[in-house]
Amino acid sequence: MLHLNEIVLRISESFANRRGLSSLARVRSVAGATLAALAVISLGCAAMGPPAPSIDVIHDHQPDDIPTPQRFTFDDGELASFAYIKFKDAPRLPMRSMKLTYWGDRPVKEIEAWYLQQMPLHGWKHIATDGYAETHISFSKGLERAEVFLKRTPDENGRYFVTRLIIEIGVR
């Protein structure tokens, strides 16, 4: 098994031979390559600390500061709704990452107006609204953002249209 210095030496000699360098230039090339390799290794090891503890996925979580329209049902499916919460009560840097999905039968414009009225009551500031294929409303609060997506779509049986509401919360 080759040691690191042997590997660096062979690579440097190969490089020097292809370039037609003198023996002094080869020594300098080997020394430079060795120092560079050691610097990369030591910096990489110094920058790596112990791994951060993993963050558990929370299902069925509905935060207090995100209002939900009446008669909308929370979709607690694993892919439909989930939350990662770390330092949620930290005063300066809460870390919440969530996707909340709801289903109901109200017109998109009605729910859009309702969110524009309700979110500021929970401390959220309206940033922008756009609507192409679906309505998208952006809010911010502190270092967080909330994205509200509304769309009329066929139900799971394809027989009726319902309103899909997705709220994504994360750090700005």
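# Contacts, salt bridges and strands in the chain

Me: The side chain of His 122 reaches the backbone oxygen of which residue?

Reply: In this predicted model, local features need pLDDT of at least 70 and side-chain atom pairs count only at pLDDT 80 or more, while totals for chains, interfaces and linings use all residues. Residues are numbered from 1 along each chain as its sequence is written, and side-chain values use heavy atoms, with hydrogens and water left out. A polar contact is a pair of N or O atoms within 3.5 Å; within protein, one must be able to donate a hydrogen and the other to accept it, and residues adjacent in sequence count only if both atoms are side-chain atoms. At 3.1 Å, the side chain of His 122 reaches the backbone oxygen of Gln 118.

Me: What is the relative accessible area of His 122?

Reply: His 122 is found in the loop between α3 (108–118) and β5 (125–131), where helices (H or I, at least four residues) and strands (E, at least two) are DSSP runs numbered from the N terminus. Buried means under 20% relative accessible area, exposed means over 50%, and partly exposed lies in between (1.4 Å probe, protein chains only). His 122 is therefore partly exposed, its relative accessible area being 27%.

Me: How many Å apart in space are His 122 and Asp 65, C-alpha to C-alpha?

Reply: Contact means heavy atoms within 4.5 Å, and, not counting residues up to four places away in sequence, His 122 touches Asp 64, Asp 65, Pro 67 and Lys 141. His 122 and Asp 65 are 57 residues apart in sequence, yet the distance between them in space, C-alpha to C-alpha, is 5.4 Å.

Me: With which residue does Asp 65 form a salt bridge?

Reply: A salt bridge is a side-chain nitrogen of Lys or Arg within 4 Å of a carboxyl oxygen of Asp or Glu, and for Asp 65 and Lys 141 the closest N and O atoms are 2.7 Å apart. The pair links distant parts of the chain, 76 residues apart, with Asp 65 in the loop between β1 (57–58) and β2 (73–75) and Lys 141 in strand β6. Asp 65 is buried, with a relative accessible area of 13%, whereas Lys 141 is partly exposed at 24%.

Me: Which residues do salt bridges that share partners join into one network?

Reply: Lys 109 and Glu 112 form a salt bridge with the closest N and O atoms 3.3 Å apart, and because these residues are three apart in helix α3, about one helical turn separates them. Lys 109 counts as exposed at 62% relative accessibility, whereas Glu 112 counts as buried at 11%. Salt bridges that share partners join into one network Asp 65, Arg 96, Lys 141 and Glu 144.

Me: How many residues lie between β5 and β6 in the hairpin?

Reply: Two strands pair if DSSP finds at least two bridges between them, and β5 pairs with strand β6 (residues 135–141) in the antiparallel sense over six bridges. His 126 stands opposite Phe 139 in β6. In the hairpin that β5 and β6 form, the residues between them number three.

Me: The side chain of His 136 makes a polar contact with the side chain of which residue?

Reply: His 136 has its place in strand β6 and is buried, with a relative accessible area of 18%. Leaving aside neighbours within four places in sequence, His 136 is in contact with Ala 128, Thr 129, Asp 130, Glu 147, Val 148 and Phe 149. The polar contact, at 2.4 Å, joins the side chain of His 136 to the side chain of Glu 147.

Me: What percentage of the residues of the protein chain count as buried?

Reply: The protein chain has three helices and eight strands, and from the N terminus on its elements run α-α-β-β-β-β-α-β-β-β-β. Among contacts in the protein chain between residues at least 6 apart in sequence, 51% join residues at least 24 apart. Of the 172 residues, the share that count as buried is 30%.
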